[in-house]
Amino acid sequence: MSKVTLTVNGRTVSGECDDRMLLVHFIREKLGLTGTHVGCDTTQCGTCVIHMDGRSVKSCSILAVQAAGAEITTIEGIAAQGELHPVQAAFKEHHGLQCGFCTPGMVMTAVDMIGRHSGQLDEATVRHELEGNICRCTGYQNIVAAVLAANQQMHGATRQAAE
Amino acid sequence: MGVEGIGARVTRKEDKRFLTGKGRYTDDMTVPGMKYACFVRSPYAHAKIIGIDASAARQMPGVIDVLDGKQLQADGIGNLICGWMIHSKDGSPMKMGAWRPLAVDTVRYVGDAVAIVVADSYLEARDAAEAVSVEYEEMPAVTEAIAAMADGAPQLHPEAPGNLIFDWELGDGVAADQAIASAVHVTEIEIHNNRLSPNPMEPRATLGIYDAAEDHYTCYTTSQNPHVARLVMSAFYNVAPENKLRVIAPDVGGGFGSKIYIYPEEIVCLWASKKTGVPVKWTSDRTEAFLTDAHGRDHVSKVKMAFDSDHRITGLKVDTIANLGAYMSLFSSAVPTYLYATLLSGQYAIPAIHANVRTVYTNTVPVDAYRGAGRPEATYLLERTIETAARELGVSPAELRRKNFIRSFPYQTPVIMNYDAGDYETSVAAAMEAADWAGFSARRADAESRGKKRGIGMSCYIEACGIAPSAAVGSLGAGVGLWESAEVRVNAVGTIEVLTGSHSHGQGHETTFAQLVAERLGVSIDSVNIVHGDTDKVQMGMGTYGSRSGAVGMSAVVKALDKVEAKAKKIAAHMMEADESDIVIENGELKVAGTDKTVPWFQVALAAYTAHNLPGGMEPGLKETAFYDPANFTFPAGCYIAEVEVDPETGKTDIVQFVAADDFGNIINPLIVEGQVHGGLAQGIGQALLEEVRYDPESGQLLTASYMDYAMPRADDLPSFKLSHQNTPCPSNPLGIKGCGEAGAIGSPPALINAITDAIGNNSLTMPATPMKVWQALQSVH
């Protein structure tokens with residue numbers, strides 16, 4: 001057993017865990033943040049994507065103890081209470097979710113993707129970047145539309161702020 | 001239509017909780033004292049259990065108990081059942097082999113549950129499960145249906161000699177034979193429908209809670225139909241009487257059929273909770289999901305289609321062998337029979353049809369309904385056959401279809417179904433225009449100049465949804481009725497709760513059902529809450545499958561709303577001293593038609609509950625219940641066109657265009673309907689190009705037990721789809737709805753394979769059309 005201390009959604013938290021516990025289970029079971037999901041056991045599905053020190057990471061592919069000292073953001077932490085992040089709002093607007101199970105991972109991946117591409121996203125790039133996130137409900141079309149719309153909105157907004 | 005009423009493209013009410021991580025799925029549930037389960041599963045496809053030694057496992061850290069099938073049997077827990085009786089053509093009932101929730105003497109597929117370990121943590125339960133020593137005597141296994149029917153094949157169940165479950169037929173065999181004998185042309189083809197794993201992204205899970213003080217059980221489970229689960233667990237598995245068993249299906253992360261059934265794990269966790277005295281939660285991992293979730297499809301068929309000199313279809317004869325796996329799952333017998341052979345007329349007027357279906361046990365996980373369930377198998381068979389016929393006859397595949405379309409309704413097919421409405425010509429015309437069918441030859445020439453093989457393929461599907469009239473399905477062997485229930489509760493402040501027996505696991509009922517209320521009463525959808533998924537809250541209902549929630553579930557809401565409105569009008573008439581026949585409901589008000597007298601909706605609701613001034617003899621309150629039994633199946637239909645480019649160097653297929661033209665009748669919310677079509681298309685394209693469950697035929701080991709091995713469609717495997725909707729309202733239900741949940745998965749596989757075989761000039765190609773298979777098919781052309 002180890003004691004792990006890390007920052008999650010802006011709060012410093014600690015928990016005892018088995019050395020072999022995956023970060024996703026630490027987040028779900030020790031912290032009670034159940035928005036991060038587990039959809040496979042081979043790091044393929046992407047329902048567990050979180051941000052760790054500013055990068056999107058599959059939280060099933062890292063041990064909780066490896067995350068000691070890290071800054072973690074989960075789906076519960078990307079928007080202010082009661083509000084939606086522009087990516088979340090775009091998923092709603094474009095019906096980019098059905099059962100909702102892949103959605104947190106999709107949103108976390110999309111936020112990271114939009115951040116990395118400086119506004120230069122097209123459909124082919126979005127589809128390629130989503131390879132590590134599986135959705136069985138939507139056929140991806142509306143997810144792609146949502147990511148592109150959010151990209152436009154966020155980078156349009158950034159440009160506006162800079163001007 | 002109001003801004004939020006029927007037909008409005010409103011965004012979903014339920015989205016916010018899913019988008020912010022506040023969805024509540026079964027694995028998210030925790031209760032005080034909860035412990036974790038891991039199942040000990042058979043590593044063999046077929047073996048005798050000689051003995052189980054759990055002594056070492058019991059000593060491991062955190063272990064509370066290890067329980068096996070003998071204990072379960074001793075406690076009187078029943079075997080799993082198939083709920084749809086099929087009789088063979090000789091009159092004998094289907095041969096149902098015993099399926100014990102935990103195997104006792106014999107295991108029959110890799111993953112068959114043998115024992116349950118309950119421990120403080122999941123990891124401890126898993127460690128201990130590995131320490132349970134089960135001695136097996138391995139037996140020969142068989143995984144493919146045709147091999148299982150052969151002389152000398154391993155035998156699965158003593159009840160089913162030759163592994164044959166039933167040998168069933170539908171239609172007029174003599175007439176079909178005569179049509180073939182007198183035909184000018186007969187197209188013969190063998191059709192393989194590949195085995196699939198449904199793969200909802202949320203793996204199955206269950207939390208069993210036994211309350212000893214109340215002698216009461218609560219079961220959280222990933223179910224599409226919690227009431228059916230409660231009924232079956234009570235009536236057949238002897239878990240508990242219905243009044244002592246509450247089943248809750250909270251947010252459920254997709255189902256696609258695989259969460260209709262009651263699996264061993266729910267039963268065993270409830271029982272284990274009583275045995276151990278602690279709540280027991282089990283969550284499947286993905287490997288377990290591949291091993292134990294019911295699979296879909298897995299048919300092999302021989303087809304003969306007869307044509308006269310005018311290219312009219314005169315007869316169809318189908319001989320199908322369906323693999324049902326090691327045990328008969330809950331609705332497994334209905335899928336290759338009444339959900340399949342009844343659709344073999346397709347969109348065509350075929351005077352004589354005969355289908356013979358043999359179902360077979362194999363050492364594989366049970367096979368049951370998966371998105372479409374029988375209808376994709378019928379559509380793939382028919383649409384591959386007619387496309388093949390067009391190629392043999394040297395005519396346009398579109399024209400051959402058109403020539404044979406059913407054009408007047410109602411139309412009685414020779415295979416039970418009575419199509420109530422449709423307009424196939426309009427869909428095919430819309431699809432061909434959207435696909436620029438006329439411009440294809442130029443695009444093909446352009447592809448040729450780039451060294452690519454371009455092909456175009458069409459599929460005209462029909463399906464039967466909204467299942468179904470209870471008396472009709474009862475007469476065909478169903479063990480349940482297939483009506484739906486609704487309750488509309490108007491609160492004293494005028495807000496409304498709609499309780500429905502259908503269940504949403506992605507379909508957006510919280511929005512569409514509220515839109516219906518908004519349409520009727522002129523209130524905002526925000527003032528309407530939809531309640532489902534809890535047997536303690538909602539009266540008996542039948543759940544969601546077969547694209548039935550709109551056509552059947554919402555029709556029940558309509559009936560309940562009719563009663564609520566009638567009572568509200570009486571109250572309003574009394575309040576305004578008017579005749580109730582003059583009262584109309586508009587924009588959240590009750591008005592006396594032709595006057596300026598109005599009373600707001602909430603005041604009528606309040607009056608109903610204060611009961612200070614109600615019409616004489618009227619009961620207080622404003623709440624009504626209805627049960628709706630559909631008058632017929634519904635018949636969504638449409639035309640899909642796929643256009644592909646094949647790289648002859650690699651055999652890789654690119655879908656360059658996919659057009660879907662669907663007639664779903666009236667549509668409640670186009671945004672949601674489009675999403676349903678997109679998702680169905682992705683699953684159908686997955687079947688056509690990527691997905692296949694493969695067992696090793698010798699050992700019976702599942703070779704595709706992870707996302708590393710089973711090719712799920714990813715975002716970059718799929719194109720953006722071009723959709724359109726045509727509308728012939730369904731005359732058989734009050735909303736004119738046909739259903740849209742399964743069409744995409746039903747219509748798309750044949751369109752794709754017709755396109756690829758067109759591109760490569762070789763009609764022999766089986767699904768999934770992997771690059772290797774396509775490349776090999778191309779080589780045999782050269």
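How do the axes of helix α10 and helix α19 of chain B cross, and within what distance do they come? This is a predicted model, in which local features need pLDDT of at least 70 and side-chain atom pairs count only at pLDDT 80 or more, while totals for chains, interfaces and linings use all residues. Residues are numbered from 1 along each chain as its sequence is written, and chains are lettered from A in the order in which they are written.

**Helices α10 and α19**
- The axes of α10 (residues 375-393) and α19 (residues 743-760) of chain B come within 8 Å and cross at roughly 30 degrees, the axes being lines fitted to C-alpha atoms over the stretch in contact, with angles from 0 to 180 degrees between N-to-C directions.
- α10(B) and α19(B) are therefore roughly parallel to each other, a term for angles under 35 degrees.
- Residues in contact (C-beta atoms, placed from the backbone, within 7 Å) include B:Tyr380 of α10(B) and B:Ile753 of α19(B).

**Helix α18**
- Helix α18 (residues 670-690) of chain B, a DSSP run of H or I with at least four residues, reaches 29 Å from its first C-alpha to its last, close to the 30 Å expected at 1.5 Å a residue, where the expected span is 1.5 Å times one less than the number of residues.
- Of the 21 residues of α18(B), 18 are buried, that is, with 20 or more other C-beta atoms within 10 Å of their own.

**Residue B:Val104**
- B:Val104 lies in the loop between α3 (69-74) and β4 (106-107) of chain B, a strand being a DSSP run of E with at least two residues.
- B:Val104 counts as partly exposed because it has 16 C-beta neighbours inside 10 Å, between the buried limit and the exposed limit of 12 or fewer.

Note on methods. Angles under 35 degrees count as roughly parallel, over 145 as roughly antiparallel, 65 to 115 as roughly perpendicular and the rest as oblique. Two residues are in contact if their C-beta atoms, placed from the backbone, lie within 7 Å.
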